[in-house]
Amino acid sequence: MTDPFDRLAPGDRIDGAEFAVSRESIRAFCDASLDYNPLHLDDAYMQGSFGKTNFGGVIMHGMTNFGLLSRMLTDWAYAAGAVHRRLETRWLAPVRPGDRIRPLGRVAAKQATAKSRWVTIEVEIRNQRDEAVARGEALVEFPASSGQSGQSS
Amino acid sequence: MATRFETDFWKDAATRKIWDDIVPGAPRKTLPYTLTLDAIQRYCRAVGDLHPLYFDEDYARRSRYGGLIAPPSIHILLMFACTPADDWMRSPGTINAGQSWSYNEPARPGEVVTLEARALDKFIKKGRLFVIHDNVFFNPRGEVICAGRGWTIRPA
C-alpha cells in the first residue's frame, strides 16, 4: 500500500463538517472555553462600538472558527497516521447566531525535512452566503514511520 | 482545590491592566489547572468533535496515543483556565484578531497544566490598540503541550 504522504498533491481538498451557529451553541462555547466576554452574551452591550467596529449584536467566539478548523485537521490527520502540528488563523468577518459555517482546506505544499515530512494546508471557513469569515494556514506532520491510521491495531 | 471560576467579566474589570499598563516582556500571572476528562469532553462537544480519541477509552488505549487525550485546540479552554480573574485577556470588548499555535505533546485528562505567558509587543495600527501575546503550556513532566501567539485589539 502506498504511503499517505506520497499520495497527496497540491490542490487536494479537505472538507470539514458544517456547524450551525445559535445563541445556544455560543453559550455552550462560553461554558466549554470559560470565555464569558460580553461580546458573546450581551446584546445591549453589543449595540456600542469597539474602537472603530460596531457589531450590532452578539457574535460567535472567533476561537470557535479555530476549534472547527482544528477538528477538520485532526480528523484528516488521525486517519492518515499524521499529526496536526500548527494552525494560524485570522478572522475576516464576524459570525452571528443563525449563520451556518463550514471549514475547508486545500493542500498547498509538501516538504521533506532532515527528520520528517510536512504538508502545508491553506484553510478557511465560509458561511452560508459563501463568504470567507476566517482564513489561515496549517502544518501537518507525516512522520516517516507513520502508519495507515491513528490506531495501531 | 480550584477556586470558582468568575464568569462575570465585568466584576474585576477595574483591576485589569489596560493597553497603557501592559509591558511587553513582563510575565503574566498564571494558575496551574487540572484538566479533567469532563472539561475536555465539554469542549469537544461545543465544537461538535466526538472523535473516539477523546471519548472512547478502549479505542484510545489501542491507538498510538495509548490513552485518552485532549484535542490540540484545548488551549482555547486552557488560556482562561490558567489565568486569574484580573488578567487582561478577560477585559470586556477584547477583540481576538488572530492566533497561531504549534502543537507538541497532547494534553491528557487528569494532568495539571501550567502556563508561561507574557505580552511580546504592543502597537497602534489604524487607530486600534494591539497587543501580541505569547503563551506556552506545559504538562507535569515539563514537556511543551503547545505554544501560541495571539493578536488582540484592546478596548480603548
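A:Val140 touches A:Leu73, A:Ala77, A:Ala82, A:Val83, A:His84, A:Arg85, A:Val119 and A:Ile121, leaving aside residues up to four places away in sequence; two residues are in contact if their C-beta atoms, placed from the backbone, lie within 7 Å. The model is predicted: local features need pLDDT of at least 70 and side-chain atom pairs count only at pLDDT 80 or more, while totals for chains, interfaces and linings use all residues. Residues are numbered from 1 along each chain as its sequence is written, and chains are lettered from A and ligands numbered from 1 in the order in which they are written.

**Nonpolar core**

- A:Val140, B:Leu77 and B:Leu78 have the most contacts inside the largest nonpolar core, which has 68 residues.
- H3(A) supplies the largest share of this core, eight residues.
- A nonpolar core is a set of buried Ala, Val, Leu, Ile, Met, Phe, Trp, Tyr and Cys residues joined through C-beta atoms within 7 Å.
- A residue is buried if 20 or more other C-beta atoms lie within 10 Å of its own, exposed if 12 or fewer, and partly exposed in between, with C-beta atoms placed from the backbone.

**Chain A overall**

- Chain A has three helices and six strands, in the order α-β-β-α-α-β-β-β-β from the N terminus on.
- Helices (H or I, at least four residues) and strands (E, at least two) are DSSP runs, numbered from the N terminus.
- The C-alpha trace of chain A spans about 60 × 30 × 25 Å along its principal axes.
- Of the 153 residues of chain A, 39% count as buried.
- Among contacts in chain A between residues at least 6 apart in sequence, 66% join residues at least 24 apart.

**Helix H3 of chain A**

- Helix H3(A), residues 62-79, has 18 residues and reaches 27 Å from its first C-alpha to its last, close to the 26 Å expected at 1.5 Å a residue; the expected span is 1.5 Å times one less than the number of residues.
- In H3(A), 15 of the 18 residues are buried.

**Strand pairing**

- Strand E3(A), residues 83-91, pairs with strand E6(A), residues 132-141, in the antiparallel sense over eight bridges; two strands pair if DSSP finds at least two bridges between them.
- A:Leu87 has A:Ala138 as its bridge partner in E6(A) and B:Trp101 as its bridge partner in E2(B).
- E3(A) and E2(B) pair in the antiparallel sense over five bridges.
- Strand E5(A), residues 117-127, runs antiparallel to E6(A), joined by nine bridges.
- The hairpin of E5(A) and E6(A) has four residues between the strands, and A:Asp130 in this hairpin takes a positive phi near 65°.

**Side of chain B that touches chain A**

- 40 residues of chain B are in contact with 39 residues of chain A.
- Helix H1 (37-46), helix H3 (57-62), helix H4 (75-81) and strand E2 (95-103) of chain B each supply at least two residues of this side.
- E2(B) gives the largest share, nine residues.
- By class, this side has 21 nonpolar, 13 polar and six charged residues; Ala, Val, Leu, Ile, Met, Phe, Trp, Tyr, Cys and Pro count as nonpolar, Asp, Glu, Lys and Arg as charged, and the others, Gly among them, as polar.

- Most residues other than glycine have a negative phi.
- A:Leu34 has a positive phi near 65° and lies in the loop between helix H2 (23-33) and H3 of chain A.
- A:Leu34 is buried because 22 other C-beta atoms lie within 10 Å.
- B:Lys126 has a positive phi of about 50° and is found in the loop between strand E3 (112-125) and strand E4 (128-138) of chain B.
- B:Lys126 counts as exposed because it has 7 C-beta neighbours inside 10 Å.
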